[in-house]
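Have the viewer open as you read.

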Amino acid sequence: MLDKVESTLMLIAAGEFAMGILGNAFIGLVNCMNWIKNRKIASIDLILTSLAISRICLLCIILLDYFILGLYPDVYTTGKKMRIIDFFWTLTNHLNVWFATCLSIFYFLKIANFFHPLFLWMKWKIDSAIPRILLGCLAFSVFISLVVSENLNDDFRSCVKVKKKTNITVKCRVNKAQYASVKICLNLLTLFPFSVSVISFLLLLLSLWRHTRQMKVSATGCRDPSIEAHVGAMKAVISFLLLFIAYYLAFLVATSSYFMPETELAVMIGELIALIYPSHSLILILGNNKLRQASLRVLWKVKCILKRRNH
């Protein structure tokens with residue numbers, strides 16, 4: 001029965017992985033083609049491309065760890081090999097969260113309407129600062145990943161195969177004191193960019209409320225592009241926040257499951273939920289006019305090809 005459950009979970013994970021790769025690869029490909037064509041790239045396109053690449057890498061790491069646990073559990077008996085996977089998971093996880101936070105801040109600065117001098121200065125400087133901010137996120141993520149991997153001994157997590165009748169399960173033992181401190185550190189570090197995104201969302205909501213109130217006073221009755229921009233940005237930020245919460249809870253399940261009796265199944269379920277977060281790219285595509293138009297052209301071409309084959 002357990003083998004059937006694991007097989008079903010692997011099929012679902014492969015489906016989530018395929019959807020995530022297609023969506024994020026589409027974002028990266030469209031922006032890179034425009035970059036080559038125009039010999040320059042807009043700040044929003046640079047953030048989206050960086051976010052797409054980090055999500056592709058995170059998807060690959062999660063799926064690799066997922067199938068290693070399900071198909072080659074012997075790898076879990078070697079701490080050195082798992083340190084490599086843990087390093088890249090920590091790296092891509094932090095890159096993904098920080099790049100998504102940069103996107104939330106960029107939406108806030110570009111769309112919100114405030115007249116505070118600090119806000120106006122940040123709004124003016126954000127385009128030129130984006131490349132340096134993204135490089136800073138990369139350097140910080142590499143530093144954190146190196147610190148985490150160096151603080152974990154080779155035997156911090158050791159797993160053994162246990163045979164029960166016809167099933168073989170993997171049970172893991174961790175150095176609880178060391179593992180708990182590392183997990184708390186990682187969770188606290190990811191809470192900071194999440195909090196920044198929440199603040200950006202609340203300020204966007206405040207800006208939308210003030211702008212809507214002004215529109216009611218003026219009573220123009222015309223379609224306001226500012227409100228549409230606010231709503232589009234808020235959809236992207238809300239989707240990030242909701243999926244990040246789901247990913248964060250799944251991360252807790254996956255990391256805490258080494259204290260549970262049935263380790264393998266708990267980790268696989270946690271990682272299956274975690275795959276949803278980097279797989280999410282549809283709202284980013286629909287919320288960006290250039291990506292939306294490119295996706296419509298692709299769908300139209302696919303539709304034409306299918307019609308030709310049917311005839």
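## The chain overall

Of the 311 residues in the protein chain, 47% are buried, where buried means under 20% relative accessible area, exposed over 50%, and partly exposed in between (1.4 Å probe, protein chains only). This is a predicted model, so local features need pLDDT of at least 70 and side-chain atom pairs count only at pLDDT 80 or more, while totals for chains, interfaces and linings use all residues. Residues are numbered from 1 along each chain as its sequence is written, and side-chain values use heavy atoms, with hydrogens and water left out.

The accessible surface of the protein chain comes to about 16,900 Å² (Shrake-Rupley method, 1.4 Å probe). Carbon and sulfur atoms hold 71% of that surface.

## Helices and strands

The protein chain has 10 helices and 2 strands, taken as DSSP runs numbered from the N terminus (helices H or I, at least four residues; strands E, at least two). Along the sequence they run α-α-α-α-β-β-α-α-α-α-α-α.

The unreviewed UniProt entry puts "transmembrane region" at several spans, including 12–34 and 129–148; such annotations may be inferred rather than shown by experiment. Residues 12–34 are 100% helix, with end C-alpha atoms 34 Å apart. Residues 129–148 are also 100% helix, and their end C-alpha atoms lie 28 Å apart.

## A look at helix 10

Helix 10 covers residues 289–310. Its buried residues are Leu291, Ala294 and Ser295. They sit on the same side of helix 10 because they cover an arc of only 100° around the axis, judged by the directions from the helix axis to the C-beta atoms. The face turned away from that buried side carries the exposed residues Arg297, Trp300, Arg308 and Asn310.

Technical notes: Expected span 1.5 Å × (residues − 1).
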